[in-house]
Structure formats: C-alpha cells, structure tokens
Amino acid sequence: MKIHHPALQTPRIIEGGHLGPIDSSLMPRFAGPATFARLPRLDEVERVDVAVMGVPFDSGVSYRPGARFGPAGIREASRLLRPYNPAGDISPFANLQVADAGDASINPFNIVDALDTLEQASGEFARSGVKLVTIGGDHTIALPLLRSACAVHGPVALIHFDAHLDTWDTYFGAEYTHGTPFRRAVEEGLLDTEAICHVGTRGPLYGHKDLEDDRRFGFGIYTSADVFRRGVDEIIDALRERVGNRPVYVSIDIDVLDPAHAPGTGTPEAGGLTSRELLEILRGLTRLNLVGADVVEVAPAYDHAEITSIAASHIAYELVCWYAHLAAQ
C-alpha cells in the first residue's frame with residue numbers, strides 16, 4: 001500500500017523544463033536522500049544530459065585506503081550546493097537535465113574486472129551522448145573512463161590536476177594501480193600527446209627518471225609552485241593554448257589541493273593548491289571542449305568537518321557548470 005502524505009514527499013525545483021534539486025524551502029537540506037546536489041536520480045527523469053556517477057573503488061591505492069567511501073562523502077557534502085552559480089552567471093540545472101546515476105557496481109577484489117565493468121558502464125553514457133562527471137574512488141578508474149571517451153572522440157587532450165604524475169610503470173608488478181593510469185593511457189593510444197599536461201604536481205619522486213619518462217610520453221607540467229609564482233590567469237592561458245579546440249578530459253585528484261584544504265585523501269603532499277585557485281582555474285577553462293571529467297581520491301575517514309568532501313563537491317559542481325556553459329554556447 002502506498003502512503004501519500006506531504007511530509008513524505010520530495011518537492012523538486014523545475015527549471016527550464018528540467019527536474020532539478022529538492023526544494024530546500026520545503027525540505028531542509030539536512031533531510032532527504034543524499035543524491036549529488038539533491039538532484040533527481042537517473043530513474044526519475046525521462047532523459048539526461050549530464051550524469052553524476054559514483055565509483056566506490058579503492059583497490060588500486062598504494063598507501064591509505066578509504067576512497068571507496070568517496071562518492072558517499074561527496075554526495076553528503078553536496079547538500080548545500082545551490083542551483084545558480086554567480087561566478088559563471090549560470091544555472092546549470094536549468095540549462096541541462098542533470099541526474100545522479102548512482103554508483104557503478106564493480107568488483108573490489110579484481111582490478112582488471114573492475115576496470116572492464118566501469119568501461120562498459122561509462123561507455124553506455126558516452127555512446128548515448130550523455131556527459132559524465134565521475135566521483136571516485138581512487139585514480140585507477142581514470143583509465144577505463146578515458147577508454148570510453150576515446151572510443152567516441154578519438155584520442156583526447158588531458159588536463160590532469162594532481163600532486164603526483166601517475167605515470168609510473170608498476171607497483172609490486174601490478175600494471176593497474178592509482179599511480180599508473182596515464183602511462184597506460186599513453187601506451188593504449190587514448191591520449192592526444194600534443195595536448196596533455198599535469199597541474200599542481202609537487203613533492204619527492206623516486207628519481208629523475210620519473211620526469212624523463214613523463215616528458216617522453218608528451219606531458220607538460222605546471223607545478224603547484226608554478227601556479228603560485230605565475231598566477232592563476234597565466235596558467236589558464238597556458239592550458240587553453242595547449243589544448244586548443246581538441247576534446248579534453250579533465251581528471252582531478254583531490255590531493256592536488258594542499259592538505260590544509262583536503263586532508264581526507266590517501267597520499268597527501270605539502271605545498272599544494274588552495275581550493276580557491278583550483279576553482280578559478282576550472283572557471284577559466286569553460287570555453288574548452290570538455291568531454292569527460294572525474295574527481296577522485298576523496299577518503300572521508302581522514303577528513304575533518306567534511307573539508308575535503310566539501311571541496312570535492314564544489315569541484316564537481318563547477319564541472320557540471322562547465323558542461324552547461326558549453327551547452328549555452
């Protein structure tokens with residue numbers, strides 16, 4: 001028997017003919033289901049332009065585990081996000097039908113099987129023209145997401161925000177870990193190697209060969225010190241010039257932020273970007289042809305007062321807004 005009672009309903013905002021977030025003037029933000037930004041689930045909409053998909057997976061980590069709980073943490077912290085973004089003068093949920101696609105159901109005990117499953121899941125969205133913002137999960141998941149993007153768009157440009165290069169070869173003989181996805185992506189021909197770069201890298205490496213290998217693959221590097229010394233606007237200009245009009249995938253490891261701004265992550269490094277710097281860089285890139293994006297490595301068990309999850313939720317929101325800007329153009 002269905003019970004119909006006003007107090008049990010989830011009233012939603014209707015914007016531009018799209019089903020939007022739960023109306024916070026009728027349902028308090030701390031109540032109701034924790035979908036991303038309180039948006040409708042995928043099964044609640046007839047069509048979707050942008051899907052936010054969680055990947056609760058951390059079997060590829062090399063240090064602190066816990067990123068499998070990242071999607072839940074980001075969704076919980078996203079309750080305070082609102083429909084209008086004054087920084088870009090955009091209402092993303094009015095321009096696009098955005099929905100929470102839930103979590104991909106992937107094998108936590110077999111990395112290869114997990115990557116294959118995620119490639120199939122993300123590929124369905126890519127082939128149907130639905131844009132993805134993926135919330136992880138450790139950085140291993142970037143590889144199947146890039147496979148799906150490449151299958152539709154051909155080799156893509158890459159802007160990789162991270163404290164680390166993630167172009168190492170193996171860990172303990174394993175080819176698929178959170179430190180190897182972009183080496184594998186180059187080897188598989190998924191990337192346009194004339195337009196790939198890291199932003200925010202810093203900290204000690206195993207040796208100078210790490211940098212030599214990275215340059216050989218075609219990566220440019222803008223370190224966190226470069227962002228500090230050259231400034232956000234110059235970095236934005238450099239990234240725009242490097243990518244041009246190519247389809248671009250954006251992969252964001254939350255540890256690109258300084259531990260003061262993102263303590264809840266598996267491999268923190270001192271001297272990182274501020275959340276303000278990262279958000280401003282993303283806002284400055286909205287003319288680029290974004291075809292896929294992820295926010296990964298949020299590990300809520302190491303977080304304090306949701307600092308990391310809040311930052312990640314705002315980053316994911318800016319990525320949705322990026323898609324909305326492209327639709328408006």
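**Close-up views of the sheet and a helix pair**

**View 1. A bridge between strands E7 and E8.** In this predicted model, Cys197 has Gly220 in E8 as its bridge partner. The two strands concerned, E7 (residues 191-201) and E8, pair in the parallel sense, and four bridges join them.

**View 2. Helix H8 packed on the sheet.** Helix H8, which spans residues 232-243, packs on the sheet and touches strand E6 (156-161), E7, E8 and strand E9 (247-253). The direction of H8 makes about 165° with that of E7.

View 3. Eight strands, paired in parallel, form an open sheet whose order is E4-E3-E5-E10-E9-E6-E7-E8. Strand E4 (98-103) and strand E8 (220-223) stand at the edges, and because each has a single partner strand, one side of each is left without a neighbour in the sheet. From one strand to the next, the twist averages 15°.

**View 4. The packing of helices H1 and H10.** Helix H1 (residues 70-77) packs with helix H10 (residues 307-328) at an angle of about 80°, and their axes lie 8 Å apart. Angles of 65 to 115 degrees count as roughly perpendicular, and H1 and H10 are therefore roughly perpendicular to each other. On the H1 side the contact is made by Gly73, Ile74 and Ala77, while H10 contributes Ser309, Ile310, Ala312 and Ser313. Sorted by class, the residues in the contact of H1 with H10 are four nonpolar and three polar, with no charged residues.

Definitions and conventions: Residues are numbered from 1 along each chain as its sequence is written. This is a predicted model: local features need pLDDT of at least 70, side-chain atom pairs count only at pLDDT 80 or more; totals for chains, interfaces and linings use all residues. Side-chain values use heavy atoms; hydrogens and water are left out. Two strands pair if DSSP finds at least two bridges between them. Axes are lines fitted to C-alpha atoms, for helices over the stretch in contact, and angles run from 0 to 180 degrees between N-to-C directions. Contact means heavy atoms within 4.5 Å. Angles under 35 degrees count as roughly parallel, over 145 as roughly antiparallel, 65 to 115 as roughly perpendicular and the rest as oblique. Ala, Val, Leu, Ile, Met, Phe, Trp, Tyr, Cys and Pro count as nonpolar, Asp, Glu, Lys and Arg as charged, and the others, Gly among them, as polar.
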